[in-house]
Amino acid sequence: MINDLPYPLFTKISIECNSYCNRSCSFCTRSNDNRVKVRMNEELIFKVLYELAEIDYKGLISFHFYNEIFTDKRIFSFFEKCQELGLRNYIFTNGDYLTKDVVEKLSKYNIKEFTLSIYDWKTDEEFQEKCNEFNEELKLQEYPWEYIIVKGGEDFGNRAGYVQHKEEELVLPVKAACSKIEKKLDVRYDGSVVMCCLDYYGIHKIGNIRNQNIIDIWYGEIRQKQIRDLRKGLRNCYELCSKCSDYMVQV
């Protein structure tokens, strides 16, 4: 069935299990917003996992969006359910809740990619010191997952115009193609599926997992139009994209 569809299935999906993060960073959209603290219903999360297992999904699943996953005590049960269903996971975390015991527990699950975003540095030397501290204490690089370190702050763009933590070098509105939305799907804590990971406020929703199958949402008319438009560089058709300097692709 999937082979007959207009574009490939997403290779990653993020399901925001809760809405809370313990940090408020200048380069994150959360810094401008007093977000409610709620958890996505467990049954709703499992609904999506079962839908993915039904099609033998081979991509990676995470439980973050603009939250810190380890603020949700249920997180291990989500990894356990994925393992039970033969699904694979990836992690994106700020590392504040990581301990040797937590890392060892995580290593028992089907986690294929582990991304650690490091903050609280002012110089390259301080950043390297932080990396060394994590590596020495937690040995994350010695486990069978792909280990990725993100230089928190510096590696992030303008978050579709929501933050200005560094000077924007591009002329807005941006005119360029974007392939980002063809590879990943993002689900907010309220069940709404949004255009991409920068759509913090859900301006361009494409569906809701409460009453739709995740695969139907991905191949729905709204998503198909978004992909067609962005392949042509029509960012001006979307409020979010017209201010976004990420994933610049020449048409």
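Is Glu 136 buried or exposed? I looked this up first, in what is a predicted model. Glu 136 has a relative accessible area of 58%, and it is exposed because the cut-off for that word is over 50%.

**Entry: the surroundings of Glu 136**

I then located Glu 136 in the chain and found it in helix α4, which covers residues 124-138. I also noted a patch of negative charge on the surface, in which Glu 136 gathers with Glu 125, Glu 126, Glu 129, Glu 133 and Glu 137.

**Entry: Asn 67**

I looked for what its side chain reaches and recorded two backbone atoms. One is the backbone nitrogen of Phe 65, at 2.7 Å. The other is the backbone oxygen of Phe 63, at 3.1 Å.

**Entry: salt bridges**

I reminded myself that side chains of opposite charge can pair when their charged atoms come close. I recorded a count of 15 salt bridges for this model, and I examined some of them in turn.

I began with Glu 16 and Arg 35, whose side chains meet in a salt bridge at 2.8 Å, N to O. The pair links distant parts of the chain, 19 residues apart, although Glu 16 and Arg 35 are each in the loop between β1 (12-15) and α1 (42-54). Glu 16 is buried, with a relative accessible area of 0%. Arg 35 counts as buried too, at 10% relative accessibility.

I went on to Asp 120 and Arg 23, whose side chains meet in a salt bridge at 2.8 Å, N to O. Asp 120 lies in the loop between β4 (111-118) and α4, and Arg 23 in the loop between β1 and α1, so this pair ties together parts that are 97 residues apart in sequence. I found that Asp 120 counts as exposed, at 51% relative accessibility.

I then looked at Arg 74, which forms a salt bridge with Asp 72; their closest N and O atoms are 2.8 Å apart. Arg 74 is buried, with a relative accessible area of 12%. Asp 72 is buried as well, with a value of 1%.

Conventions: Residues numbered from 1 in each chain as written. Predicted model: local features only at pLDDT ≥ 70, side-chain atom pairs only at ≥ 80, totals over all residues. Heavy atoms only, no water. Patch = residues over 30% accessible without salt bridge, like charges linked within 9 Å, V, L, I, M, F, W, Y side chains within 5 Å. Areas by Shrake-Rupley, 256 points an atom, 1.4 Å probe, with all protein chains shown as cover. Salt bridge = Lys/Arg side-chain N within 4 Å of Asp/Glu carboxyl O. Lys, Arg positive; Asp, Glu negative; His and termini not counted. Charge placed at Lys NZ, Arg CZ, Asp CG, Glu CD. Helix = DSSP H or I, 4+ residues; strand = E, 2+ residues; numbered from the N terminus. Buried < 20%, exposed > 50% of the residue type's maximum accessible area, 1.4 Å probe, protein only. Polar contact = N/O pair within 3.5 Å; in protein donor to acceptor, adjacent residues only side chain to side chain.
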